[in-house]
Amino acid sequence: MSVTTLIVSQALIQHQDGVSLHPDLFLWQKQLSAYRQQWFACADKNPLAWYAALCEVSPTVLLASQCDTLPEHTVQCWTVSPYHAQMLRDTVRVMPEGQFPWAHADAAHLSEVLNPLLAEEGMQLFAIGSALLLACRERIEAYPLAFGEISGQMLPDRHHAGEDGGRLNRLLSEIQMTLFQHPSERRHDSGEPDVNGVWLWAPVDWPVENDWRTLSVATRNPILQSIVDGKNAPCMISEVERLHELVKSDAALPERIVLAGKEHAVLLTRSWLPKLRKTTWSPKAVKDESRLLTDLVLTAPEAGDVTNVAGR
């Protein structure tokens, strides 16, 4: 099956006049300029969140469905995203996920280091390939931003929404201190950036009783690779920094492309008529995100039977 859809996260950058293409897309700029544009307002998503949106389910449910060893008394689960941060004068900037190397060994090490601390809070961290899932015996009533909204951005300097927002902040601070005290020797020996913290997001009550579709997706994102099958995939999902690992600069691009970032997304569809005007990348006639997702979901072929993990 040929690839018909490509979704690229963090593909748009902000400047004083609006948004433009990320420099890592310049290799394909001539091809991209030949497509017809439709613009949408769109929350910033990482590859895992884009895949979950196509499946119409929470990213956390997707991860939890892959974990057969959740504790019996689990009532809530969270997606856990590790990050490297750079200290600036008054703020902390998170390294873009597409630039952050990550592997199965890193997820296993993080679980080993953090689980003694988390056990005191009635929590347990699970490595699912390179992905990480947190299971809780008590609910945390907090609603942080999705990781796609802080990847490559500044860490929020305020409490998370919800009555337990302060509690979540304190937990994340304790995790940061523990990681500082137990750096990964493997990452140090490989010259890879340290893990300075983790971000908890997309909380869901557990267990769930729901059905959702599965999709074959080609990706180089290590988290998404842990839960998807890329065989004969009709769809590719990538951060802009890893796109060159999926698509050669001289290869023909898919019929449909979504370039997303900076609270916008542009849907590009192949045009068979020559363009008479110079292509610009400024949002115009912006539509709601729901219209984009509906279009993508309706046209995304499923990979086999619907999954049901009720009560797992």
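User: How many disulfides does the structure hold, and what is a disulfide?

Analyst: A disulfide is a pair of cysteine sulfur atoms within 2.5 Å. The structure holds zero disulfides. Cys67 is in none: the nearest cysteine sulfur, that of Cys77, is 8.0 Å away. Before we go on, please keep in mind that this is a predicted model, where local features need pLDDT of at least 70 and side-chain atom pairs count only at pLDDT 80 or more, while totals for chains, interfaces and linings use all residues. Residues are numbered from 1 along each chain as its sequence is written, and side-chain values use heavy atoms, leaving out hydrogens and water.

User: How do you know that the sulfur of Cys136 is too far for a bond?

Analyst: Its closest cysteine sulfur, in Cys77, is 7.2 Å away, so the pair is too far for a bond.

User: What makes Cys67 count as buried?

Analyst: The word buried means under 20% relative accessible area, exposed means over 50%, and partly exposed lies in between (1.4 Å probe, protein chains only). Cys67 has 6% relative accessibility, so Cys67 counts as buried. Cys136 is buried too, with a relative accessible area of 1%.

User: Now the strands. Why are S12 and S13 said to pair?

Analyst: Strands (E, at least two residues) and helices (H or I, at least four) are DSSP runs, numbered from the N terminus. Two strands pair if DSSP finds at least two bridges between them. S12 and S13 (residues 235–239) have two bridges, in the parallel sense, so they pair. In these bridges, Val217 has Cys235 as its partner in S13, and Ala218 stands opposite Met236.

User: What joins S1 to S13?

Analyst: Five bridges do, and the two strands run parallel. In one of them, Val8 has Ser238 of S13 as its bridge partner.

User: Which strands are called edge strands, and why?

Analyst: Six strands form an open sheet of mixed pairing, in the order S4-S15-S14-S1-S13-S12. The edge strands are S4 (36–41) and S12 (217–218), as each pairs on one side only.

User: What makes S13 largely enclosed by the rest of the structure?

Analyst: Five of the five residues of S13 are buried, so S13 is largely enclosed. In a regular strand the side chains alternate between the two faces of the sheet. Both faces of S13 are covered: Cys235, Ile237 and Glu239 are buried on one side, and Met236 and Ser238 on the other.
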